[in-house]
Amino acid sequence: MSNKNKIQGKYRKIMREKETEEDKKSYQIGTILAISILVLFIILDVYSDGL
């Protein structure tokens, strides 16, 4: 295995780790958005029933 291949292998591994981290982040943001929208709808529903 040449030096160039070692460097490329390390680079690929780092990129793969970064991709999984970014996937987790976007998933967390999506979950937070979904929960906040749900809560908003529940509050609006209760509020409109109260009027």
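A residue counts as exposed when its relative accessible area is over 50%, as buried when that area is under 20%, and as partly exposed in between. The legends below use these words for a predicted model.

**View 1. Lysine 13 on helix H1.** Lysine 13 belongs to helix H1, which runs over residues 3-50. Its relative accessibility is 53%, so lysine 13 counts as exposed. Glutamine 28 is 15 residues away from lysine 13 along the chain, and 23 Å separate the C-alpha atoms of the two.

**View 2. Isoleucine 37 on helix H1.** Isoleucine 37 is also placed in helix H1. Because its relative accessibility is 43%, isoleucine 37 counts as partly exposed.

**View 3. A nonpolar patch on the surface.** Six names make up this patch: Ile29, Leu33, Ile37, Leu40, Phe41 and Leu44. Together they have about 630 Å² of accessible area.

**View 4. The whole chain, for orientation.** The protein contains one helix and zero strands. Its C-alpha trace spans about 75 × 10 × 5 Å along the principal axes. The radius of gyration is 22 Å, whereas a compact globule of 51 residues would have a value near 10 Å. Of the 51 residues, 0% count as buried.

**View 5. Surface and charges.** The protein exposes about 5200 Å², and 64% of this area is supplied by carbon and sulfur atoms. There are 9 positive and 7 negative side chains.

How values were computed:
Residues are numbered from 1 along each chain as its sequence is written. This is a predicted model: local features need pLDDT of at least 70, side-chain atom pairs count only at pLDDT 80 or more; totals for chains, interfaces and linings use all residues. Side-chain values use heavy atoms; hydrogens and water are left out. Helices (H or I, at least four residues) and strands (E, at least two) are DSSP runs, numbered from the N terminus. The radius of gyration is taken over C-alpha atoms; the globule rule is 2.2 Å times the number of residues to the power 0.38. Buried means under 20% relative accessible area, exposed over 50%, partly exposed in between (1.4 Å probe, protein chains only). Accessible areas come from the Shrake-Rupley method with a 1.4 Å probe; for residues, only the protein chains shown count as cover. Lys and Arg count as positive and Asp and Glu as negative; His and the chain ends are not counted. The place of a charge is taken as NZ of Lys, CZ of Arg, CG of Asp or CD of Glu. Patches are made of residues with over 30% relative accessible area and no salt bridge: like charges are joined within 9 Å, nonpolar side chains (Val, Leu, Ile, Met, Phe, Trp, Tyr) within 5 Å. A salt bridge is a side-chain nitrogen of Lys or Arg within 4 Å of a carboxyl oxygen of Asp or Glu.
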